[in-house]
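Dear colleague,

I am handing over the structure below, and after it I set out what was found there. Please read the notes beside the model.

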Amino acid sequence: YTLTISCNHCDDPICVKNCPTTAMHKRPGDGIVRVDTSKCVGCGYCSWSCPYGAPQMNTETGQMSKCDFCVDLLAEGKNPICVDTCPLNAIKFGKIKDLRAKYGHLSQVQGLPDFTITHPNLVIKPHTGAIKKGGNQA
């Protein structure tokens, strides 16, 4: 089955550690990883170091960009646009502890980098017929 990953707003984001200008930063309080466009020089170090490839070059601005959970919508009390427009209702948003309580703690599946690298704030709920590596059902 297919799994697409955007920014996981990791607990230990390598993109933040490797940004030479501190443009890539993790907001205190909510933990959202953002790009400060007043500091970004478009060097790409964040993209090269992110195991998920989340930061991408915006060719129009010459700066890096990435998911910021639609902070403008969050400020209005709304969901990120991906949550409200997902045709299968497969994307959920909320506090990671609440999501893990409801959906489990699985954040590592075949094809993703080792979760211990960055500690992503991600929960994966495999479909009923999913098979774990080694042939056991998930």
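**Cavities, pocket, core and aromatic pairs**

The count comes to 2 cavities of 30 Å³ or more, where a cavity is a set of points, on a 1 Å grid over the protein atoms alone, at which a 1.4 Å probe fits but cannot get out. This is a predicted model, in which local features need pLDDT of at least 70 and side-chain atom pairs count only at pLDDT 80 or more, while totals for chains, interfaces and linings use all residues. Residues are numbered from 1 along each chain as its sequence is written, and side-chain values use heavy atoms, with hydrogens and water left out.

The largest cavity holds about 100 Å³ of space, a volume being the space filled by probe spheres set on grid points that are joined across faces, edges and corners. Its lining consists of 16 residues, and those closest to its centre are C7, C10, P13, C15 and C50; lining residues are those with an atom within 4 Å of a point. By class, this lining has 11 nonpolar, 4 polar and 1 charged residues (Ala, Val, Leu, Ile, Met, Phe, Trp, Tyr, Cys and Pro count as nonpolar, Asp, Glu, Lys and Arg as charged, and the others, Gly among them, as polar). The second largest cavity has about 80 Å³ of space and is lined by 14 residues, with C19, C40, C43, C46 and M64 nearest its centre. The lining of the second largest cavity divides into 11 nonpolar and 3 polar residues, with no charged ones.

The largest pocket has a volume of about 1,400 Å³, a pocket being an open set of points with protein on both sides within 12 Å along at least five of seven lines. Of the 42 residues that line the largest pocket, A90, I91, K92, L122 and V123 lie nearest its centre, and the lining comprises 25 nonpolar, 10 polar and 7 charged residues. Helix 4 (81-85) and helix 5 (96-103) each supply at least two residues of that lining; helices are DSSP runs of H or I with at least four residues, strands are runs of E with at least two, and both are numbered from the N terminus.

N8, in the segment before helix 1 (14-17), is buried at a relative accessible area of 6% (buried means under 20%, exposed over 50% and partly exposed in between, with a 1.4 Å probe and protein chains only). Not counting residues up to four places away in sequence, N8 touches Y52, P120, N121 and L122, contact meaning heavy atoms within 4.5 Å.

Within the largest nonpolar core, which has 18 residues, M24 and L112 touch the most other members; such a core is a set of buried Ala, Val, Leu, Ile, Met, Phe, Trp, Tyr and Cys residues joined through side-chain atoms within 4.5 Å.

A search of the whole structure finds 2 aromatic pairs. The rings of Y45 and W48 have their centres 5.3 Å apart and their planes at 45 degrees, so this pair is tilted (rings of Phe, Tyr and Trp, the last by its six-membered ring, pair if their centres lie within 6.5 Å, and planes under 30 degrees apart count as stacked, over 60 as edge-to-face and the rest as tilted). Y45 is partly exposed at 39% relative accessibility, whereas W48 is exposed at 65%. The rings of F69 and F93 have their centres 4.9 Å apart and their planes at 65 degrees, so that pair is edge-to-face.

With regards
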